[in-house]
Each structure stands twice: as C-alpha cells, then as structure tokens.
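Please open the model in a viewer and keep the selection tool at hand.

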Amino acid sequence: MNAPLSPDHLRALLDMSSNDIDPDETAEWREAFAALAETHGPERARWMLDELARVARSQRIGWQPELATPYVNTIAVEAQPPFPGDLAIEERLASLMRWNALAMVVRANQAYGELGGHIASYASAADLFETGFHHFFRARDAAHRGDLVFFQPHSAPGVYARAYLEGRLTEEDLQHYRQELSAPAHGARGLSSYPHPWLMPDFWQFPTGSMGIGPISSIYHARFMRYLTHRHLLDCEGRKVWGVFGDGEMDEPESMSALTLAAREKLDNLVWVVNCNLQRLDGPVRGNGRIIDELEKLFAGAGWNVIKLVWGSDWDGLFARDTSGALVRAFADTVDGQMQTFAAKDGRFNRDNFFGQNEALARLVEGLTDEQIDRLKRGGHDLVKIHAAYAAAAAHRGQPTVILAHTKKGYGMGSAGQGKMTTHSQKKLDDADLIEFRNRFSLPLSDDQATSLAFYKPPADSPEMRYLMDRRAALGGSMPRRETACETVAKPEIAAYAQFAVAAAGKEMSTTMAFVRVLGNLMKDPVLGPRVVPIVADEARTFGMANLFKQVGIYSSVGQRYAPEDIGSVLSYREATDGQILEEGISEAGAIASWTAAATSYSVHGLAMLPFYIYYSMFGFQRVGDQIWAAADQRPRGFLLGATSGRTTLGGEGLQHQDGSSHLVAATIPNCKAYDPAFAGEMAVIVDAGIREMMVEQKDVFYYVTLMNENYAQPDLPAEAGAEVLRGCWRFRAASGQGRPVTLMGSGAILTEVLKAAEQLAAEGIDAEVFSVTSWSELARDGQACESRALSGEAEPGMPFVTQQLSAGRGPVIAATDYVRAVPESIRAFVPEGRRYLTLGTDGFGRSDTRAALRGFFGVDAASIARAARHALGRGG
C-alpha cells in the first residue's frame with residue numbers, strides 16, 4: 001500500500017537528480033508527470049511509469065527502477081486512518097510496561113550479577129508490541145482460532161511486564177526472572193530468559209531465541225495454515241501470522257531463505273515487523289549504509305509489500321514546510337552510524353549537526369526548542385503511525401507485508417543507554433539514570449520507588465487497567481498463550497498397515513522401501529490418513545515415494561497449471577490444491593520448518609497432525625540441528641526419518657553425504673526418541689508406538705528413525721519382541737551353549753554384518769548370541785534413570801534394561817554400529833561387571849566406495865567384528 005506524495009513533495013523529489021545535460025527538457029517532463037499524478041491520481045501515474053518501463057525495455061535502454069524509495073513514510077498523513085484508541089492511556093500503559101521490564105532485569109542483576117538480561121531491545125520495540133496487543137493480535141476464543149505472534153526474543157521482559165498487569169504473573173514471578181530453579185522455593189514461577197514453550201508450556205507458543213529461526217518458522221506456519229484450509233481440515237481464513245524481528249537478525253541466512261516462497265504463495269496472512277533500531281549487539285547493523293534501504297530493496301525484490309515506518313507525527317509539520325526537499329536530501333546522505341550518534345545525543349547536538357547542515361534545514365526548526373528537537377520521534381515510537389502501518393498491512397491482499405519500523409535502541413534510557421554502542425548489554429542503571437527514566441516517561445513513582453526499582457501496577461479500577469483488560473477481551477483474551485487441548489486421533493491396528501513388515505518371511509527389501517509402503521498404507525486409513533503430512537526436500541524419487549504423487553498429490557496453492565511431461569505414467573507428477581505431500585525443494589531448512597508447523601498443529605491450531613519428514617540423514621541434525629532443537633522446545637509430535645543413513649550404507653556418495661553422528665546428536669534432545677532399526681518389522685513396531693504416543697496418548701515426544709537403502713532378507717518379528725524393540729534391544733539369536741561364549745550387539749545396517757560374523761565365529765567353535773539394538777540412546781537413558789534413582793537414595797532403583805538383557809550371557813561383548821563409537825559407548829556403564837566391552841564404529845570422515853570396501857575400511861564388516869571377538873576372547877574376555 002504505497003500512498004501518494006503530495007504534488008509539492010513529488011516535484012521536490014524529482015528535482016533531486018544530478019548530471020542533467022538538458023535541465024529545461026527535464027523540467028518539462030517533471031511538470032508533465034507531476035500534473036498527471038495530481039490530475040489523474042496515483043493509479044494512472046503508476047500505469048504511465050510501467051508503460052515507459054516497457055518502452056525502455058523494448059529499446060534495450062538498460063534501465064530498471066530503483067527499488068529503494070526516499071527515506072520517508074510509505075503511508076502519507078492524509079492516508080492514515082483515524083486512531084481508534086485512547087492515545088493518552090496507551091502511551092501511559094506503554095511507559096508502565098517499559099518501567100516494569102526495566103525493573104525486572106535490573107533487580108535480577110543487582111541481586112545476581114551473572115543472570116544477564118536485556119533492556120534496550122524492548123525499549124525500542126515496546127510501542128510496536130503494544131499497538132499489536134491493543135488493536136491487532138487476536139487470541140484464540142470461541143469465535144476465532146487466534147493469530148500467531150512471534151515475539152522478538154530479547155524483548156521477553158516486556159511481554160512479562162504486560163502479563164503482570166493482566167494478572168497472569170505475580171510480582172514474585174517478576175522477581176524470579178531467569179531464576180527457573182530457585183523460584184518454586186519462593187512460591188513463584190521462574191521466567192525463562194527468552195520465549196521457551198518447553199519451560200513455560202502454558203505461556204509461550206514459539207521459541208525465537210536462536211536468531212533467524214523465528215522468521216523462517218513464521219513463513220512456513222503461514223503456509224501451513226493455507227495447507228490446512230486448502231485440504232479442508234481447518235478454516236484458517238481471517239487469521240494472521242505476525243512476527244516482530246530485529247534488523248540485525250535479518251543477516252541470518254534462515255531469515256532470508258524463504259522470502260520468495262512467501263511471495264510466490266501470496267501469503268497475505270503474514271506480516272513481519274522489523275524493528276530497525278539500527279544496532280546489533282556490538283555496533284551498528286550497517287554503520288556505513290542504511291539498513292532500511294537495504295531491506296526495502298531485498299523485500300521488494302522478493303515480491304513483498306513493503307511499508308516504511310520511518311518518522312513519527314512530530315515530523316509531519318517539518319515535511320509539510322519543506323517544499324524544497326531538504327529533509328529528504330539530508331536523510332539520503334545520512335548513514336546509520338551517524339543516525340545512531342544522533343539518537344545518542346541531545347537536542348542541541350542534533351540542531352547543530354543535523355539541522356545545521358544548511359540554511360534550509362535550519363529554518364525548519366527555528367520554532368522548536370532543543371527539548372522539542374530531542375523529542376522528535378522515529379516512526380516505531382509513534383502509536384498513531386504504527387497503527388496506520390499495521391492497519392495497512394492487515395488489509396493488504398495478495399502479498400506478505402513487511403513493516404520496516406525505525407526505532408532507537410534503548411529508547412528513553414537517556415545517557416545510560418539510548419543509541420549507545422554498549423546499550424545491548426546494559427543491565428544496570430544508577431539512581432540518576434532511574435530518576436531520568438521516570439521523568440522521561442512521567443511515571444507515577446516517588447524517588448524512593450524509582451531508585452528501589454519498585455514494580456508498579458495501577459489499581460484494578462483505574463482507567464488504564466480497565467482499558468488494558470477491555471482491549472484484550474475484545475481480541476479474545478491474553479497473549480501469548482499456549483493451549484494443548486485437541487481431540488485424540490484413533491490409530492489403526494498395526495496389522496492393517498504393516499503386516500507385510502512384521503511378517504516379512506525373508507522377503508528382500510530395504511527399510512526405506514518398507515517405510516514408504518507403511519506410509520502409503522497409513523494415508524489410506526479413513527481416520528488417521530488425512531492427518532498424515534508427508535514432507536520431503538526434493539528427494540521423493542530417491543526414497544521411492546513417486547507412487548504417492550498420484551495417490552495423494554503434492555500440495556500447491558494454485559493447483560497444477562501445466563501438463564507434466566510424464567502425464568501418462570502411473571508415477572506422474574501431480575500437484576493439487578488439496579495435495580497432501582509437502583515437497584519443499586532443495587531446502588532442508590524449509591522442510592524442517594514445515595515439519596515443525598505440522599508437528600505443533602495440535603497446540604497452535606487445536607488440530608492434531610502427524611508429519612513424516614524423510615531426508616538424507618546427514619542433512620538433518622548436522623545441517624539443521626538448531627532448528628530441530630528449537631522444534632523440540634515447542635513440544636512437537638511427529639516423525640523425522642533419516643534415510644540412506646549410516647556412514648557405510650550410502651556407498652558412493654562420500655564424505656558430505658554419509659552420516660555417522662546424527663544418533664549422537666539426537667540423544668542430546670530430551671524429548672526425541674531415536675531408533676536405528678535393522679529390520680522392517682522393528683521399524684513398523686516403532687512407528688506404531690510413536691503414533692500411539694503422539695496421537696492417542698498425546699505425549700510431547702517426537703521420533704527420529706533411521707532408514708537404510710540396502711536390500712536384504714527381512715525376517716519375521718516375534719510377537720514377544722515388540723516391547724523389547726521399543727526399550728532398545730532384543731535377543732535376535734540365542735547362544736547354543738556350545739563353545740566359548742561371546743555377545744555381539746549391532747544396530748541398523750551393521751546388524752547384517754554382525755550376523756555374518758556370528759556365523760564365522762560358530763564355524764570356529766565360538767558361541768555368539770546376537771542382540772539387535774534398536775536404540776542405543778533409549779538404553780542409555782534407561783540406565784541413567786536407574787543411576788539417578790540410586791543416587792537419590794531410592795531403595796529399589798531398578799536394574800538397567802540393557803544390564804538385564806546381557807546378564808544371562810557370558811564372555812566379552814562386542815558392539816558394532818554404522819555410527820561413531822561414542823554411540824555404543826553410551827551404554828558402557830551398564831554392561832554387567834566383569835564382561836569386557838569393545839565398541840566398533842565409523843569415526844572419521846566418509847569416503848566414496850562400495851559398501852563392502854567402506855565397512856572394511858572403518859572396521860565394521862563381518863571380518864572386523866569376528867576379529868574383535870577373537871581378540872577380546874584372547875584376553876580372557
């Protein structure tokens with residue numbers, strides 16, 4: 001929504017060009033265009049510019065319009081809607097939020113200097129937040145499913161301050177900011193440093209503390225809402241996804257990586273507010289340039305609607321008097337590093353150094369005092385301007401919108417921090433600074449209350465509190481608020497979709513192929529099937545999923561506007577508005593963001609969905625591990641499938657494709673259950689258990705299951721083995737009781753090598769029992785839980801499951817895996833005493849060669865396993 005400039009401003013801006021070889025001709029063109037805009041309006045003016053651009057292209061002039069516009073507000077004064085609220089009350093409330101947020105952080109750091117916290121970020125964003133809270137951010141209620149809001153993480157104290165006024169948090173809670181462990185002893189809840197749903201499961205919806213993950217997540221959440229609507233699962237029309245992010249955060253690759261997807265999908269349910277306070281943690285975001293100009297070009301070029309919110313209402317009079325364009329020219333020559341200096345200095349400095357640049361600028365402020373110049377607001381601190389920008393963004397159709405809001409970091413902190421290089425780390429203020437802050441925002445505090453950092457909450461019947469509560473009631477209640485109530489979804493019996501796997505009868509197949517067949521069968525179930533969300537990052541054909549293209553279709557918001565090349569094939573590529581597969585292209589970051597949106601649908605939308613994201617295992621925890629960690633914070637429910645897994649199973653692909661560490665990383669995530677099944681039957685039992693836990697029992701867990709692309713004979717899974725498969729290991733081959741005893745343990749692809757080794761050893765008179773290890777991490781967690789109970793003094797702490805399994809055997813234990821040795825090493829403490837434990841794994845970088853060569857190289861083939869067993873026996877076992 002680009003509002004027109006006045007004719008005088010337009011003429012002034014057009015007069016800013018240089019190197020004019022024919023000023024008279026130029027003047028004629030200027031006057032003609034200004035007259036056209038004035039007479040026929042902006043639509044006709046835009047059409048004429050487009051027509052001239054077409055002419056220039058046809059003549060191959062080599063010109064294209066500049067994407068950056070002048071450093072002024074996009075929405076002209078005359079285009080602003082009336083402000084619908086009580087401006088004075090809203091300004092007072094914003095001041096109270098600022099104070100309580102500041103008091104919370106400073107108090108914590110006066111008592112415990114190590115706790116940290118941030119004041120300056122919220123000081124710059126407070127008005128952006130409050131305008132949203134008062135007028136735009138809808139909570140879930142009976143009439144509306146609610147908006148999604150991603151809050152700038154360093155501004156969390158401000159959200160707590162608002163929750164305090166709303167009665168959701170107590171003063172004792174605020175006194176325990178960043179003290180999550182000690183708070184309960186004082187009858188309070190500890191407030192997490194940043195938005196963390198895991199730690200505050202009824203409060204925060206989205207974790208945004210890892211820079212860049214919030215932006216990409218917001219895009220895919222907005223797209224997932226369209227997916228739900230188009231598949232007729234949930235009507236998400238009328239709901240918005242709002243994201244308040246920082247300008248420095250835009251340098252993160254994840255922040256920018258999905259901008260074109262948002263534009264391509266026409267996600268007009270998405271609004272970003274970029275808090276352009278011009279400052280990162282250490283200094284200016286773009287000291288020698290202008291970040292607002294840079295972001296405008298970037299977003300406009302990507303196809304977004306851009307609204308620049310640069311100057312507050314106090315500047316309107318200056319712009320109206322400036323018919324020569326002096327202000328716009330001065331801004332064009334002022335880089336952000338200098339703008340930061342202006343923010344840090346007082347009115348006299350700004351009069352002398354900005355308005356004193358030339359006579360035209362000096363005349364503009366002749367009637368203003370130094371204090372009035374000091375109080376000239378940037379756009380992101382003016383509630384009227386912010387409301388106008390938000391209203392325009394909310395009404396815009398056909399594009400996502402970004403609001404570039406110009407603010408001051410540390411706004412109102414005066415000499416203690418406003419605009420200073422060190423302001424991000426400012427956590428303590430002296431008495432004079434606190435008094436100055438109180439005076440700056442006219443806070444109803446005595447000197448003693450200010451210097452003692454007393455929290456302030458107006459009486460419940462005060463105009464401010466009534467207004468605060470009424471506005472939120474009109475928008476559905478308090479935010480942020482995480483809810484988990486949703487209907488359970490019935491699970492089909494395992495025999496209905498995976499009988500071929502649990503009773504494979506020696507049929508050769510890979511576990512990847514078995515999984516794809518299981519997935520296809522699950523989607524045919526009338527109850528669970530519609531809730532299944534298959535997700536791939538441009539590897540569906542690699543994983544044998546092409547048969548699903550026709551069966552369920554690939555989601556496309558516009559359907560399929562072409563006849564695919566393979567239209568006559570039974571595996572032809574089919575896109576549809578109600579397609580079920582999310583095919584994300586070559587973007588693991590995008591695919592995991594989609595998975596997160598689907599896996600948290602039960603809490604975000606009150607609708608349980610079950611995502612299965614299948615990918616090259618090396619491109620999961622290693623490549624997008626931070627996103628998986630953030631997803632875990634949100635308590636997701638779904639499956640991650642690491643296909644072509646292991647370091648030796650994916651033969652020729654080499655170093656960057658061969659995964660030897662994902663199970664090590666997965667083990668560090670508390671709510672992730674990681675499995676490395678060797679057989680289709682094991683995989684089916686694991687998937688079945690995950691569906692039950694997540695969809696029926698509604699547990700906050702997610703599953704990571706690795707799959708292989710190697711075909712081998714799949715045995716039947718004994719019915720009694722199912723429970724042991726889920727606990728981490730089961731005895732696949734019992735000892736015969738003849739010969740020297742040894743126990744072999746193997747997981748995933750290497751179990752077949754373990755079985756071959758057992759045959760070799762048997763021929764030598766060595767009696768090997770074999771355990772199929774489905775989850776080293778589940779065995780380790782169980783053992784650690786027993787240890788913890790013992791250390792806490794419990795009389796019956798229990799025996800670790802793996803200890804129980806191995807207790808019946810004798811001799812050394814050899815454990816082999818296609819992952820680094822640290823994975824099987826995780827259970828060493830729980831191997832029965834007196835039994836030597838030797839681990840084999842694939843430490844180091846991968847290589848390109850055959851499976852046999854790779855397994856020999858890493859020492860995890862049958863010969864190496866047998867050799868290790870003989871070695872252990874030779875030392876007495």
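In what follows, Ala, Val, Leu, Ile, Met, Phe, Trp, Tyr, Cys and Pro count as nonpolar, Asp, Glu, Lys and Arg as charged, and the others, Gly among them, as polar. The model on display is a predicted one.

**First stop: the second largest cavity.** Select Ala139, Arg140, Asp147, Gln205 and Arg481, which lie nearest the centre of the second largest cavity among its 13 lining residues. By class, this lining comprises four nonpolar, three polar and six charged residues. The space inside amounts to about 100 Å³.

**Second stop: the largest cavity.** How many cavities of 30 Å³ or more does a search of the whole structure find? The search finds eight, and the largest of the cavities holds about 190 Å³ of space. Its lining consists of 16 residues; to find the centre, select Trp315, Phe342, Asn350, Arg378 and Lys408, which lie nearest to it. Of the elements, α13 gives the most, with three residues. The lining of the largest cavity divides into 10 nonpolar, one polar and five charged residues.

Now select Ala88, Glu91, Arg92, Ser95 and Phe441, the residues nearest the centre of the second largest pocket, which is lined by 26 residues. Its volume is about 560 Å³. Which element supplies the largest share of the lining? That element is α3, with eight residues. Helices α3 (87-111) and α17 (383-395) each supply at least two residues. By class, the lining of this pocket has 12 nonpolar, four polar and 10 charged residues.

Select Arg98 and Asp127, which form a salt bridge whose closest N and O atoms are 2.7 Å apart. Arg98 lies in helix α3 and Asp127 in helix α4 (residues 120-135), so the pair ties together parts that are 29 residues apart in sequence. The whole structure contains 42 salt bridges according to the search.

Select residues 588-599, helix α24, and residues 625-633, helix α26; their axes come within 10 Å and cross at roughly 5 degrees. Because angles under 35 degrees count as roughly parallel, α24 is roughly parallel to α26. To display the contact, select Ala589, Ile592, Ala593, Trp595 and Thr596 of α24 together with Gln627, Ile628 and Ala631 of α26. This contact has six nonpolar, two polar and no charged residues.

Technical notes:
Residues numbered from 1 in each chain as written. Predicted model: local features only at pLDDT ≥ 70, side-chain atom pairs only at ≥ 80, totals over all residues. Heavy atoms only, no water. 1 Å grid on protein atoms, 1.4 Å probe; cavity = no way out; pocket = protein on both sides within 12 Å on 5 of 7 lines; lining within 4 Å. Points joined across faces, edges and corners; volume = space filled by probe spheres on them. Helix = DSSP H or I, 4+ residues; strand = E, 2+ residues; numbered from the N terminus. Axes fitted to C-alpha atoms, helices over the stretch in contact; angles between N-to-C directions. Parallel < 35°, antiparallel > 145°, perpendicular 65-115°, else oblique. Contact = heavy atoms within 4.5 Å. Salt bridge = Lys/Arg side-chain N within 4 Å of Asp/Glu carboxyl O.
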